[in-house]
Amino acid sequence: MIEVSGLRCRYGNFEAVRGVDFEVHRGELFALLGTNGAGKTTVLETIEGHRAPAEGRVRVFGVNPARDRRIRSRTGIMLQDSGFAGDLTVAETARLAARMLTRKSDVDGALDALGLDPRRDVRVKQLSGGERRRLDLALALLGEPDLLFLDEPTVGMDPESRRATWELVRGLLRTGTTVLLTTHYLEEAERLAHRLAIMHEGCVAVSGSLVDVLAEHDARIVFTAPEIELPALIGSAMRHESRVEIRTPDLQRDLQTLLNWADGRLDLSGLRAQPASLEEIFQSVREEVPAR
Ligand SMILES: Nc1ncnc2c1ncn2[C@@H]1O[C@H](COP(=O)(O)OP(=O)(O)OP(=O)(O)O)[C@@H](O)[C@H]1O
């Protein structure tokens, strides 16, 4: 659905994107993540056809998005701010947005899907931040796009609306919609993404399927235990008072060793074993990749 290869983008002499490659496949959710100023918006704008690359190639539905406007009718874009007049009501805004589309769209269905039906006669400027995001998403869904761009979709939403939005996105994925998500909310990416790329300083620092990316980084075993000599493990153990934290590249093996060793000897109280989180991987990208 999307192909980005060798992409470079410049603002004057400043190279904001320095050779980015990734693909987004049909029916998947791809999360484009990154540190502040990493170049995500620049990449997105190029994919959306608003910016021509300095070098490299971008294809959406197999065509150049900067030249071929036909892809617009198959694409839904949830912007950070949809830019409609605050004096219009929710329903007026949705009807106006629908009129700008070439595809037929179900305005009532989109408002209903986002729980905005009871708010349809409220002026947009009176909506809460979370309701506003839901309206932005409803507008992006008009015309039932094959490809959906979600830019920070759940900013300002309360936990319940956020969960409802994730469920809605999962539903869209089940019906074959392809989604490109950008978010600073890493739990969101962890919950939704099939594959992802983490950008830093204009480059992709980490990419792959969520499962592989998490598996490639050290998992963690945590428990509390008195001062005691631990068995030899593959991972490294650190102690903060009675709390022991083991970072391991082989969670199953070290956990097995630890449980066998503790059996009948010691209660590993508060034992937790978990894979690396995107939060930790993100942090290591920030620390490891040298600043330009
Ligand atoms: N119009 C512009 N002129 C000059 N530099 C720009 C312009 N727009 C963006 N930049 C710079 O390009 C780099 C990438 O910006 P971009 O907005 O693509 O990053 P981002 O990953 O979306 O950041 P954030 O997560 O902070 O929104 C940044 O260093 C930014 O300051």
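**Ligand shell, sheets and helix packing in the predicted model**

Helix 1 contributes the largest share of the shell around the ligand, namely 3 residues, where helices (H or I, at least four residues) and strands (E, at least two) are DSSP runs numbered from the N terminus. The structure is a predicted model, in which local features need pLDDT of at least 70 and side-chain atom pairs count only at pLDDT 80 or more, while totals for chains, interfaces and linings use all residues. Residues are numbered from 1 along each chain as its sequence is written.

The shell around the ligand consists of Y11, F14, A16, G34, N36, G37, A38, G39, K40, T41 and T42, a residue being near a molecule or strand if its C-beta atom, placed from the backbone, lies within 6 Å of it. Two or more of these residues are given by strand 2 (14-24) and by helix 1 (40-47). By residue class, the shell divides into 4 nonpolar, 6 polar and 1 charged, with Ala, Val, Leu, Ile, Met, Phe, Trp, Tyr, Cys and Pro counted as nonpolar, Asp, Glu, Lys and Arg as charged, and the others, Gly among them, as polar.

An open sheet of 6 strands has the order 5-6-7-3-8-9 and mixed pairing, two strands being paired if DSSP finds at least two bridges between them. Strand 5 (75-78) and strand 9 (203-209) are at the edges with a single partner strand each, so one side of each is left without a neighbour in the sheet. From one strand to the next the twist averages 15°, with axes taken as lines fitted to C-alpha atoms, for helices over the stretch in contact, and angles running from 0 to 180 degrees between N-to-C directions. Within this sheet, strand 3 (residues 29-34) and strand 8 (residues 195-200) are joined in the parallel sense over 5 bridges, and L33 stands opposite I198 in strand 8. Helix 1 packs on the sheet and touches strand 3, strand 6 (147-151), strand 7 (178-182) and strand 8, its direction making about 140° with that of strand 3; two residues are in contact if their C-beta atoms, placed from the backbone, lie within 7 Å.

A further open sheet is formed by 4 strands in the order 11-12-10-13, with antiparallel pairing. Its edge strands, strand 11 (236-240) and strand 13 (269-274), each pair on one side only, and neighbouring strands are turned by 15° against each other on average, direction ignored. Strand 11 is joined to strand 12 (residues 243-248) by 5 bridges, and M238 stands opposite E245 in strand 12. Helix 8 (residues 251-262) lies across strand 10 (219-224), strand 12 and strand 13, and runs at about 20° to strand 10.

In helix 2 (residues 90-99), the residues V90, T93, A94 and A97 are buried, a state that requires 20 or more other C-beta atoms within 10 Å of the residue's own, with 12 or fewer counted as exposed, values in between as partly exposed, and C-beta atoms placed from the backbone. Seen down the axis of helix 2, the buried residues fall within an arc of 95°, so they line one face of the helix; the arc is that of the directions from the helix axis to the C-beta atoms. The cover over these buried residues includes helix 3 (107-113) and helix 4 (129-141).

Positive phi values were also examined. F61, which is not a glycine, has a positive phi of about 50° and lies in the loop between strand 4 (55-60) and strand 5. F61 is partly exposed, with 17 other C-beta atoms within 10 Å. E152 likewise has a positive phi, near 50°, and is found in the loop between strand 6 and helix 5 (159-174); with 17 C-beta neighbours inside 10 Å, E152 counts as partly exposed.
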